Amino acid sequence: MPVAGPLGTTAYQAELSRIDQVLAGPTRALTRVRTAEGLSEAVSTLAESLNTVAVRLSALTVTSRLTGVHALLQERIGVAATRLTSSAEKTEEDARCGGTAYTSQQVQRQLRTDLGPALVLQQQLKLTFGRTLPDPGPAPKQVQPDNGEVLVRRDPEGMGRLKITNGTTKDVAISIVSDGKPPGTPQVMVYLRATQSTTVNRIGGAYRLYFKSGADWDADRHKFRSDCSFKKFDQTFGKNQSWQVNLQPRPGGNADTTEVEAY
């Protein structure tokens, strides 16, 4: 049960230390998950713990000197808990495309951002809270390829030509995959920014067309890290021919697409 108040600085610091320990396990779990499902579960558990902490804080009374920092801490914990609860499903989806470790680090950074204003004010009052919060460091620098930049080119070249228009509001990576091969081994992969067009020449043989969209491009892994979508055109594109495609579905279009597994 909360101690009797109003609490002064020493007693309030003792309460903050106890709360830190309550959050230690759930926050540590964020750094240890290995699967998308595990991350989603860890996010939900941490949200529940933050809500429990918020209830405990709301039962405390503090001296006038601490009123502002106490109110701000409750507010920021509520913001963090709400964000975690509402984003659990999206977090799991992002982990499937961007990787569990990377997505977990994004959650950790957002948690520190949400609590940040309260932590700063506490430091000014010589209080300590958040010792158990994981610190993944700064986010990696994001590098957006140029429109039409060829990211991969392998296999024999041919006479095929493909003009691609990205009529969507998201960047995409187009994979030109030799017929019969998996999408993870394209003969050509090209980056196409939102609402832009490009033309790919020297395509060899018959092929299928895959495209993935999203945000936060990973240049090393050739993947988007969040908001991912993976599709393919149902038709096969003949060798040594010129084709034009638009990634934006439109009435009267003659090229159907299908959702596919992440690649």
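A disulfide (a pair of cysteine sulfur atoms within 2.5 Å) joins Cys97 to Cys228, with an S to S distance of 2.2 Å. The structure is a predicted model, in which local features need pLDDT of at least 70 and side-chain atom pairs count only at pLDDT 80 or more, while totals for chains, interfaces and linings use all residues. Residues are numbered from 1 along each chain as its sequence is written, and side-chain values use heavy atoms, with hydrogens and water left out. Under the distance criterion, the count comes to 1 disulfide. The link of Cys97 and Cys228 is right-handed, with 70° about the S-S bond. Distant parts of the chain are linked by this pair, since Cys97 belongs to helix H3 (residues 67–98) and Cys228 to strand E7 (residues 223–233), 131 residues apart. Helices (H or I, at least four residues) and strands (E, at least two) are DSSP runs, numbered from the N terminus. Cys97 is buried, at a relative accessible area of 5%, whereas Cys228 is partly exposed, at 24%.

Strand E7 also contains Ser226, which counts as buried at 15% relative accessibility. Contact is defined as heavy atoms within 4.5 Å. When neighbours within four places in sequence are left aside, Ser226 is in contact with Lys90, Asp94, Cys97, Gly214, Ala215 and Asp216. Of these residues, Asp216 is located in strand E6 and has a phi near 60°, a positive value in a residue other than glycine. Asp216 counts as buried, with 12% relative accessibility. A positive phi, of about 65°, is also found at Thr195, which is not a glycine. Thr195 is placed in the loop between E4 and strand E5 (197–203) and, at 53% relative accessibility, counts as exposed. The loop between E6 and E7 holds Asp220, an exposed residue with a relative accessible area of 75%.

Tyr191 and Phe224 are both buried. The rings of Tyr207 and Phe237 are stacked, because their centres are 5.3 Å apart and their planes are at 5°. This pair likewise links distant parts of the chain: Tyr207 is in strand E6 (residues 207–218) and Phe237 in the loop between E7 and strand E8 (242–246), 30 residues apart. Tyr207 is buried, as is Phe237. Both residues belong to a cluster in which ring pairs link Tyr207, Phe211, Phe233, Phe237 and Trp243. A charge was taken to sit over a ring if NZ of Lys or CZ of Arg is within 6 Å of the ring centre and within 35 degrees of the ring normal. The charged end of Arg225 sits over the ring of Tyr102, 4.4 Å from its centre.

Helix H1 (residues 9–30) has 22 residues and reaches 31 Å from its first C-alpha to its last, close to the 32 Å expected at 1.5 Å a residue; the expected span is 1.5 Å times one less than the number of residues. In H1, a kink of about 40° lies at Ala24, shortly before the proline Pro26. Buried residues of this helix include Tyr12, Leu16, Ile19, Leu23, Ala24, Pro26 and Leu30. The buried residues of H1 pack against helix H2 (36–58), H3 and helix H4 (100–124). Helix H3 has a kink of about 55°, centred on Ala88, and is followed by Gly99, whose phi is positive, near 100°. The C-alpha atom of Leu23 is separated by 34 Å from that of Asp220, 197 residues apart along the chain.

Methods. Buried means under 20% relative accessible area, exposed over 50%, partly exposed in between (1.4 Å probe, protein chains only). Rings of Phe, Tyr and Trp (its six-membered ring) pair if their centres lie within 6.5 Å; planes under 30 degrees apart count as stacked, over 60 as edge-to-face and the rest as tilted. The bend at a residue is the angle between axes fitted to the seven residues ending there and the seven starting there.
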